[in-house]
Amino acid sequence: MTPAWAQLGYLAAAVCFIVALKALSSPKTARRGNLIGAAGAVLACVITFLVSDINHLLPIVAAIAAGTAIGVLGAYRVQMTQMPQLVALFNGVGGGAAAIVAIIELADLGAGPAPIFDLIATAFTIVVGSVSFAGSVVTFLKLQELMTTRPIVFGGYPIVYGLGLLAAVAFSVGLVLAPSLLFALLLAAIGAGLGVLLVLPVGGADVPIVISLLNAFTGLTVAASGYLLENILLLVAGTLVGSAGTLLTRLMANAMGRSVINILFGALKGGSTLGATTVSDRPVKSAGPADVAILLAYAQRVIIVPGYGLAVAQAQHTLRQLVDLLTERGAHVDYAIHPVAGRMPGHMNVLLAEAQVPYEQLKEMDEIDPEFKQADVALVVGANDVVNPAAETTPGAPIYGMPILHANQARQVVFMKRSMRPGFAGIENELLYEPTTTLLFGDAKDTMSKLLAELKALTV
Amino acid sequence: MSTEPIIWLTIFVLSIFVGVEVISKVSSTLHTPLMSGANAIHGVILIGAVLVAGTAQSTPILVLGLIAVILASINMVGGFVVTDRMLIMFSRPHRALQKQGRQELEQ
């Protein structure tokens, strides 16, 4: 039995996790919160090593060192633009670890008659852990654009999915009645299949919501493993993440004006026919950097709408210089940050903070949106879906219902784009064809430098 | 010691409410770091992985357990580090700025 002091230590770690989540919800305390969480985790590990009879100490420490090295390397090497897929991978391996733990526990249980709740928890952990692992890998592939970001649906999808669920339930019952390694491995395979199926029909722009959902799933598997291993800390930590993660998933979905069910299964209703866009050959108005520089030079009020494309092109620094110059010339410039700009809610704030854009210039959507009416120029850099009026005008569009920034209300709209290719959601943007819209084609960084040079020439 | 399922259920249900309460007032700006931080917390499955690997009776089980240990460490350590990297940019913009400036000079 675990000694009392160790139980108290685990309790302290659990409190650390609660405080960490609380602190992570406010910008002032967030960083401290994360460190408190890390301290709790380290404390828990130290206690485990001290009180448990652990054989094979050397290989285990080596394994921890290897995992730590991979994790740290990944976390430091990753570009901030690619951070969502890294979080997805981290989450996936956690789910995989939980599934493996459950399989091993089953092998140990096999010795004698096992309590029924233990077997149910085992089956649950194996299935959901595998869902989380495989689902996260698919989200990674989608975000990294190693596979199509469009929703993938095939005929008979609901039938296959239903059969998969039935099989998962059937083999879980089988595992409870007759515990065997074979059932466990079959369950893991079915879980993996279900995980892939769960993510396939989700469109690229919605993938972050799924990461959050899978994160909650992994939390629940950790809670179930806590029950299996009779470890209260795992139960508490896993449940906290499971419930907080579920709520967070709903909050994120709300920020996009969508329901979670709609995000997961919307594509099945065939609602996203608009996703099958071919590039239209309707006329657009395009201009060179010199023309846009003149437009900007005489604007009093400019609102920048930054998007993922800006960060990918690494044009944030040049953009900041441009904004500085405009401000010197007396213009009033702000950045309009859509809650889901970038690839995840809040992602754009991270990306711009990295480029040292002053925090005060970053305006949240509710604050800035009414000001587009007074804006002389809305400069949309590498964004698309967040200013797409289809979200309001076209029921059935994948982004229908998502609150958008009304850049179309500005007197002039300038789009900096690489091509006419649609945004991440894969739908065409009507705003591109409006008479007030001017397109400035080219790589964001390159074009931004030219624009800056032209504007400097006008200033002298 | 036999486990009392009802006690575990009690802890489970109370934890659900705590989890919901503590993050109910998060601003959308912090959704991403919060998700990443929560993700790191479930990396504490590492202690489960260590426990099963440490009691492994056969080589295949040990190998499987060690794989779980590696995966869980990646989840936990990587999760906290990447969350910290995100949050540095939020909490102390000026210090982050200086740090980055220094790095650029060094390069």
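**Figure 1. Contacts of A:Val305 in the predicted model.** Leaving aside neighbours within four places in sequence, A:Val305 is in contact with A:Ala336, A:Ala378, A:Leu379, A:Val380, A:Val381, A:Ala383, A:Val386, A:Val387, A:Leu405 and A:Ala407. Two residues are in contact if their C-beta atoms, placed from the backbone, lie within 7 Å. Residues are numbered from 1 along each chain as its sequence is written, and chains are lettered from A and ligands numbered from 1 in the order in which they are written. The model is predicted: local features need pLDDT of at least 70 and side-chain atom pairs count only at pLDDT 80 or more, while totals for chains, interfaces and linings use all residues.

**Figure 2. The largest nonpolar core.** This core holds 195 residues, and A:Val305, A:Val380 and B:Val69 have the most contacts inside it. Its largest share, 17 residues, comes from helix H4 (residues 59-91) of chain B. From chain A, at least three residues are drawn from each of domain 1 (78-251) and domain 2 (289-459). A nonpolar core is a set of buried Ala, Val, Leu, Ile, Met, Phe, Trp, Tyr and Cys residues joined through C-beta atoms within 7 Å. A residue is buried if 20 or more other C-beta atoms lie within 10 Å of its own, exposed if 12 or fewer, and partly exposed in between. Helices (H or I, at least four residues) and strands (E, at least two) are DSSP runs, numbered from the N terminus.

**Figure 3. The two domains of chain A.** Domain 1 covers 78-251 and domain 2 covers 289-459; such bounds come from an automatic or database domain assignment. Their centres, taken over C-alpha atoms, are separated by 38 Å. The contact between them takes 10 residues from domain 1 and 15 residues from domain 2. On the domain 1 side there are 5 nonpolar, 4 polar and 1 charged residues. Ala, Val, Leu, Ile, Met, Phe, Trp, Tyr, Cys and Pro count as nonpolar, Asp, Glu, Lys and Arg as charged, and the others, Gly among them, as polar.

**Figure 4. Helix H7 of chain A.** This helix (residues 181-199) has 19 residues and reaches 27 Å from its first C-alpha to its last, close to the 27 Å expected at 1.5 Å a residue. The expected span is 1.5 Å times one less than the number of residues. Buried residues of H7(A) include A:Phe183, A:Leu187, A:Ile190, A:Leu194 and A:Leu198.

**Figure 5. The side of chain B that touches chain A.** The contact takes 77 residues from chain B and 94 residues from chain A. Helix H1 (5-22), helix H2 (31-41), H3, H4 and helix H5 (93-106) of chain B each supply at least two residues of this side, and H4(B) gives the most, with 30 residues. By class, the chain B side has 51 nonpolar, 23 polar and 3 charged residues.

**Figure 6. Helix H3 of chain B.** Because 10 of the 10 residues of H3 (residues 45-54) are buried, this helix is largely enclosed by the rest of the structure. Among them are B:Ile45, B:Leu46, B:Gly48, B:Val52 and B:Gly54.

**Figure 7. Surroundings of B:Gly19.** B:Gly19 is found in helix H1 of chain B and counts as buried because it has 29 C-beta neighbours inside 10 Å. Not counting residues up to four places away in sequence, B:Gly19 touches A:Thr239, A:Leu240, A:Gly242, A:Ser243 and A:Ala244. B:Ile70 is 51 residues from B:Gly19 in sequence and 27 Å away in space, C-alpha to C-alpha.
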